[in-house]
Amino acid sequence: MLHRKIYQLCCDGREVCVFLRDQQRWIEQARIIDIEGDLVTLRYETDEEDEVSSWEEMIRLESIGSITQKLASVPRGNVEPLMTEDCPESERIRNRFTDLNPD
């Protein structure tokens with residue numbers, strides 16, 4: 001099951017975070033480049049002390065404890081979300097700040 005999911009993520013080309021259970025560490029913002037047998041190739045970057053390094057690691061499938069991917073992100077603060085003009089009124093997101101202050 002995990003092998004099929006990793007293959008799907010590889011084909012999608014999305015960024016993932018991978019937890020390596022044998023090393024007890026996370027690899028963040030990685031891309032799955034290739035899967036060959038039980039080896040998974042990841043590519044990622046690290047930023048340490050004003051130096052950006054690119055890494056490519058080959059990891060055994062059995063070492064992978066977890067894989068996560070970001071589905072969406074929403075900015076924090078008082079930002080008006082973008083909305084299409086053809087969105088039905090019943091499905092529109094109301095601005096709670098203007099609802100509270102009807103000035």
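Me: Where is the place of Glu49?

Reply: This is a predicted model, and in it Glu49 falls in the loop between S3 and strand S4 (51–60).

Me: What is the phi of Glu49?

Reply: Positive, about 50 degrees, although Glu49 is not a glycine.

Me: Is Glu49 buried or exposed?

Reply: The cut-off for exposed is over 50% relative accessible area. Glu49 comes in at 79% relative accessibility, so it counts as exposed.

Me: Now the inside. How do I read a nonpolar core?

Reply: The general idea is that in soluble globular proteins, nonpolar side chains tend to be buried together. Here, the largest nonpolar core has 16 residues, and the members touching the most others are Ile6, Ile27, Ile32, Val40, Leu42 and Ile64. At least two core residues each are supplied by helix H1 (2–12), strand S1 (15–20), strand S2 (25–36) and strand S3 (39–48).

Me: Which element gives the largest share of this core?

Reply: That's S2, with four residues.

Me: Let's zoom in on one member. What is Ile6 in contact with, leaving aside its neighbours within four places in sequence?

Reply: With that local stretch set aside, Ile6 contacts Ile32, Ile35, Val40, Leu61, Ile64 and Ile67. Pick out Ile32, Val40 and Ile64 in your viewer: like Ile6, they are among the core members that touch the most others.

Conventions: Residues are numbered from 1 along each chain as its sequence is written. This is a predicted model: local features need pLDDT of at least 70, side-chain atom pairs count only at pLDDT 80 or more; totals for chains, interfaces and linings use all residues. Side-chain values use heavy atoms; hydrogens and water are left out. A nonpolar core is a set of buried Ala, Val, Leu, Ile, Met, Phe, Trp, Tyr and Cys residues joined through side-chain atoms within 4.5 Å. Buried means under 20% relative accessible area, exposed over 50%, partly exposed in between (1.4 Å probe, protein chains only). Contact means heavy atoms within 4.5 Å.
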